[in-house]
Amino acid sequence: MATYTALDDLDLPALAARYGLREPVAQPMKGGAANSSFRLDTPHDGRAYVLSALDNHDAASARHLAGVTRGFARLGLPTAQVVANRDGEDVTLVGDRPFLLKDHIAGEVEDPLPSALLPAAGELLATLHGLVPEGLDLPVGTRRLSAEHRAAAGDFPDRDFAAWLDGRLAEIGRHEAGHRRPHTAIHGDLFADNLIVRPDRRLSVIDWETASLDDPLLDLGMAAVGLCQDAAGHLSTERLRLLLHGYNSLRPLTAEDRAELPVEIVHAAVIIAFHRYHRHNVRFPNPDRATYYRLMVAFAESVPRDATG
Ligand SMILES: Nc1ncnc2c1ncn2[C@@H]1O[C@H](COP(=O)(O)OP(=O)(O)O)[C@@H](O)[C@H]1O
Ligand SMILES: N[C@@H](CCOP(=O)(O)O)C(=O)O
């Protein structure tokens with residue numbers, strides 16, 4: 001199992017002093033596969049924050065994440081506001097562990113996202129894809145599986161899965177070679193647990209760990225994986241239609257884009273399948289999650305080649 005920061009490990013008095021927070025009350029937050037997040041309430045002024053222990057980051061990558069989060073907020077996206085510490089720094093190191101504090105966004109994660117909110121999720125993604133992300137220093141293509149990832153996949157003990165990944169990636173690679181699209185900023189993980197439904201039913205988006213510059217269709221594909229599954233875990237073309245309805249209202253897809261989308265939905269499912277296998281079977285073996293990746297194989301196999309919603 002991964003050993004993430006637990007409530008008992010938090011040096012809350014030290015952190016509170018660094019941020020100038022008076023007597024915060026901490027409670028762990030549900031969700032979060034990569035980091036450990038805590039809600040901090042300061043009863044004297046009724047404010048609420050989210051403190052994330054960035055367990056999988058060093059100081060430099062934590063600062064980058066903070067900068068990207070700040071950058072998207074500055075560009076007008078509804079997202080978390082980073083709170084600087086008393087020294088004006090976005091990342092607070094306790095020992096060598098980086099912490100990030102953000103304002104708590106009032107609302108709830110609703111998973112699955114209600115279908116009535118899928119157009120708004122599509123609009124949010126289209127807005128992101130239309131931004132000029134200057135100064136954010138986004139990495140290029142990092143949501144894709146790298147040569148190192150593919151080499152690691154070659155050693156996966158589930159040989160059928162390794163062969164499936166290899167075959168699907170080869171097919172996607174051949175396909176993409178003939179269809180290059182201009183890069184935009186992408187979120188890379190627009191699943192329901194990265195959307196907060198605010199009390200006014202509008203959406204905020206969080207978690208910029210997989211933000212990069214890449215093909216916007218890969219991001220739409222990722223959103224289709226994260227938001228457009230039916231009860232059986234297969235692609236719901238009706239949910240996809242609603243997501244695309246919102247997306248198209250701000251950033252219409254071309255006929256060619258629509259034809260290419262199924263490949264990128266499968267691509268996104270292949271990426272998530274790899275990471276689930278690697279996380280739960282290689283990096284932090286966890287018998288309870290060992291077969292979680294198979295849901296992505298089933299999902300990918302459910303995508304009709306003409307799925308355009
Ligand atoms: N600023 C925020 N406001 C409200 N809830 C948040 C905020 N940031 C995170 N959360 C909650 O914490 C959970 C985990 O946060 P997240 O940053 O996605 O962690 P991880 O990177 O580990 O996935 C989210 O699913 C959400 O419920
Ligand atoms: N969307 C991914 C998990 C990513 O984890 P996060 O908690 O950092 O959002 C998946 O479904 O495997």
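Colleague: Where does R201 sit?
Modeller: R201 is in the loop between β8 (195-197) and β9 (203-205). Strands here are DSSP runs of E, at least two residues long, and helices are runs of H or I with at least four, all numbered from the N terminus.

Colleague: Before I go on, what am I looking at?
Modeller: This is a predicted model, where local features need pLDDT of at least 70, side-chain atom pairs count only at pLDDT 80 or more, and totals for chains, interfaces and linings use all residues. Residues are numbered from 1 along each chain as its sequence is written, chains are lettered from A and ligands numbered from 1 in the order in which they are written, and side-chain values use heavy atoms, with hydrogens and water left out.

Colleague: OK, back to R201. What is its phi?
Modeller: Phi of R201 is near 70°, which is positive although the residue is not a glycine. R201 is also partly exposed, at 40% relative accessible area. That label covers the range between buried (under 20%) and exposed (over 50%), using a 1.4 Å probe on protein chains only.

Colleague: Which other non-glycine residue has a positive phi?
Modeller: D137 is one of them, with phi near 55°. D137 lies in the loop between α3 and α4 (147-154).

Colleague: Is D137 buried or exposed?
Modeller: Exposed, with a relative accessible area of 61%.

Colleague: And where's the cis peptide bond?
Modeller: The bond from D111 to P112 is cis, with omega near 5°. P112 is in the loop between β6 (97-103) and α3 (118-129).

Colleague: New topic: domains. What does the assignment give?
Modeller: Domain 1 (7-103) and domain 2 (115-301); such bounds come from an automatic or database domain assignment. The centres of the two domains, taken over C-alpha atoms, are 26 Å apart.

Colleague: How many residues of each are in contact?
Modeller: 17 residues of domain 1 are in contact with 22 of domain 2. Contact means heavy atoms within 4.5 Å.

Colleague: What about the largest nonpolar core? How many residues does it have?
Modeller: The largest core has 75 residues, and F72, L113, L227 and L240 are those with the most contacts inside it. Helix α8 gives the largest share, twelve residues. Domain 1 and domain 2 both give residues to this core, so it lies between them. A nonpolar core here is a set of buried Ala, Val, Leu, Ile, Met, Phe, Trp, Tyr and Cys residues joined through side-chain atoms within 4.5 Å. As background, nonpolar side chains tend to be buried together in soluble globular proteins.

Colleague: What does L227 touch?
Modeller: Leaving out residues up to four places away in sequence, L227 touches L113, L118, A121, L190, F191, A192, L195, R239 and L243. There's a second, separate core too, with 15 residues, including L10, L12, L40 and L101.

Colleague: You mentioned α8. At what angle does it pack with α5?
Modeller: Helix α5 (residues 159-177) and helix α8 (residues 255-283) pack at about 145°, with their axes 10 Å apart. The axes are lines fitted to C-alpha atoms over the stretch in contact, and angles run from 0 to 180 degrees between N-to-C directions.

Colleague: Which residues make that contact?
Modeller: From α5 they include F161, W164, L165 and R168, and from α8 V263, V266, A273 and F274 are among them. The residues of this contact divide into eleven nonpolar, two polar and four charged.

Colleague: Take F161. Buried or exposed?
Modeller: F161 is buried, with a relative accessible area of 3%. Outside the four places on either side in sequence, F161 touches F156, A273, F274, Y277, Y293 and V297.

Colleague: Last one: where is R47?
Modeller: R47 is in strand β3 (residues 47-53) and counts as partly exposed at 38% relative accessibility. Beyond its neighbours within four places in sequence, R47 is in contact with L40, D41, T42 and D103. R47 and H104 are 57 residues apart in sequence, and their C-alpha atoms are 8.3 Å apart.

Key. Ala, Val, Leu, Ile, Met, Phe, Trp, Tyr, Cys and Pro count as nonpolar, Asp, Glu, Lys and Arg as charged, and the others, Gly among them, as polar.
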